[in-house]
Amino acid sequence: MRRDSIFYKLFQQAPTLLFELLSEPPENAAAYRFDSVAVKEPRFEIDGVFLPPEEATGTVYFCEVQFQKDGRLYERIFAESALYFYRNRNRFNDWQVVVIYPSRNIEQSELYPHRSLLNGNQVHRVYLDELGEIRQLPPWIAVMVLTTVEETQALEEARQLLARTRTNPAQPESRAIIEMLTTIMAYRFENLSRAEIEAMLDITLKETRVYREIKEEGRQEGRQEGRQEGRQEGRQEGRQEGRQEGRREEAISFVIRLLTKRFGELPQEVTPVIRDLPLPLLEELGEVLLDFTNLSDLQTWLMEHQDNQ
């Protein structure tokens, strides 16, 4: 499971998430931005760097997500953090390190050489399995902990977290969590397709980012077509026809793009048939295609409804 990329996405979606893990976060935590940097000579790769606002000096936070034992992890982290801080001393007045482990048994065994840092308030060690019951944690923290639970438990916990998220599905944060849950479960169950993961989680296609992007693109195209038609006619009748045609163009664009995302390039004979459908059938197709498993289902549906036109 590629947890580095998952946590990178997590911190991109919710940069303040790191500070929810700390007992004393900076006062301007909401203003921090997340970045990933490389320090050369020698080349070091830092998992994540949280930078204070450009207009003010402050503390830079280095974050390391460690899910495998590394006997020299702290040597590397402290070396690269100190070097980065040295090269950017004019921007920052302090530096701190946050290391996220799934559990204590992953931590480096030899700690004595780093006792002054580890026993002070400059290094923060977070053990995800000690944060508490996953169902009681804030949603984004729960998403992080989900990466650590056993595969047999992961599905049920993901469903529980989805149920919590769906209480306010219109919020952008809720949509982002749904996307992250789908991604995490795809990593956990690598033998399953994304469609199978969504079915397993009982996520409808309408809840996914791809669906929303396609629909918004189609809506924008439809509005543009409707406005152009309405302007050309310049009469109430023309504007009504323009809006109607705009809705139809929107529906055509949406259906074709969604079918292409699901099944790949459509057969040449299928697209003209879809374009000839009236608006009510296009809207119906936009709903029922979620249940299609292959192109044969689509072709059967088109044949049946062509006969009924």
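Trainee: Which residues does S81 touch, leaving aside residues up to four places away in sequence?

Mentor: In this predicted model, S81 touches F62, W95 and V97, when residues up to four places away in sequence are not counted. S81 itself lies in helix α3.

Trainee: Is S81 buried or exposed?

Mentor: The relative accessible area decides such a matter, and the cut-off for a buried residue is under 20%. S81 is buried, because its relative accessible area is 1%. Several other residues of α3 are buried as well, among them L73, Y74, I77, F78 and Y84.

Trainee: How should one read the spacing of buried residues along a helix?

Mentor: An α-helix has 3.6 residues a turn, so residues three or four places apart point the same way. In α3, the buried residues include I77, S81 and F85. In α6, they are A154, L155, E157, A158, L161, L162 and T165.

Trainee: How many of the eight residues of α5 are buried?

Mentor: Seven of the eight are buried, and α5 is thus described as mostly covered. The buried residues are W140, I141, A142, V143, M144, V145 and L146.

Trainee: What does V143 touch, not counting residues up to four places away in sequence?

Mentor: V143 is found in helix α5, residues 139–146. V143 touches L10, L161, I177, M180, L181 and I184. V143 counts as buried because its relative accessible area is 0%.

Trainee: What share of the contacts in the protein joins residues 24 or more positions apart?

Mentor: Among contacts with a separation of 6 or more, residues 24 or more positions apart account for 64%.

Trainee: Where do E24 and D47 lie, and how accessible are they?

Mentor: E24 is found in the loop between α2 (17–20) and β1 (33–39). E24 counts as exposed because its relative accessibility is 67%, where the cut-off is over 50%. The C-alpha atoms of E24 and N121 are separated by 9.6 Å, although the two residues are 97 apart along the chain. D47 lies in strand β2, residues 44–51, and at 23% relative accessibility D47 counts as partly exposed. D47 and Q66 are 19 residues apart in sequence and 9.5 Å apart in space, C-alpha to C-alpha.

Trainee: How many cavities of 30 Å³ or more does a search of the whole structure find?

Mentor: Rolling a probe the size of a water molecule over the atoms shows where empty space is left. Here the search finds one cavity of 30 Å³ or more. The largest cavity has a volume of about 30 Å³.

Trainee: Which residues line the largest cavity?

Mentor: The lining consists of I134, R135, A142, E157, Q160, L161 and R164. By class, three of these residues are nonpolar, one is polar and three are charged. Helix α6 gives the most to the lining, with four residues. A142, one of the lining residues, is also among the buried residues of α5.

Trainee: Where is confidence in the model lowest, and where is it highest?

Mentor: Where pLDDT is low, the predicted coordinates should not be read in detail. In this protein, confidence is lowest in helix α9, residues 209–233, at a mean of 53. Confidence is highest in strand β5, residues 123–127, at 96. For the protein, the mean pLDDT is 80, and 78% of the residues reach 70 or more.

Trainee: How many helices and strands are there in the protein, and what share of its residues is buried?

Mentor: There are 13 helices and five strands. Of the 309 residues in the protein, 45% are buried.

Conventions
Residues are numbered from 1 along each chain as its sequence is written. This is a predicted model: local features need pLDDT of at least 70, side-chain atom pairs count only at pLDDT 80 or more; totals for chains, interfaces and linings use all residues. Side-chain values use heavy atoms; hydrogens and water are left out. Buried means under 20% relative accessible area, exposed over 50%, partly exposed in between (1.4 Å probe, protein chains only). Helices (H or I, at least four residues) and strands (E, at least two) are DSSP runs, numbered from the N terminus. pLDDT is the predictor's confidence in each residue, from 0 to 100. Contact means heavy atoms within 4.5 Å. On a 1 Å grid over the protein atoms alone, a cavity is a set of points where a 1.4 Å probe fits but cannot get out, and a pocket is an open set with protein on both sides within 12 Å along at least five of seven lines; lining residues have an atom within 4 Å of a point. Grid points are joined across faces, edges and corners, and a volume is the space filled by probe spheres set on the points. Ala, Val, Leu, Ile, Met, Phe, Trp, Tyr, Cys and Pro count as nonpolar, Asp, Glu, Lys and Arg as charged, and the others, Gly among them, as polar.
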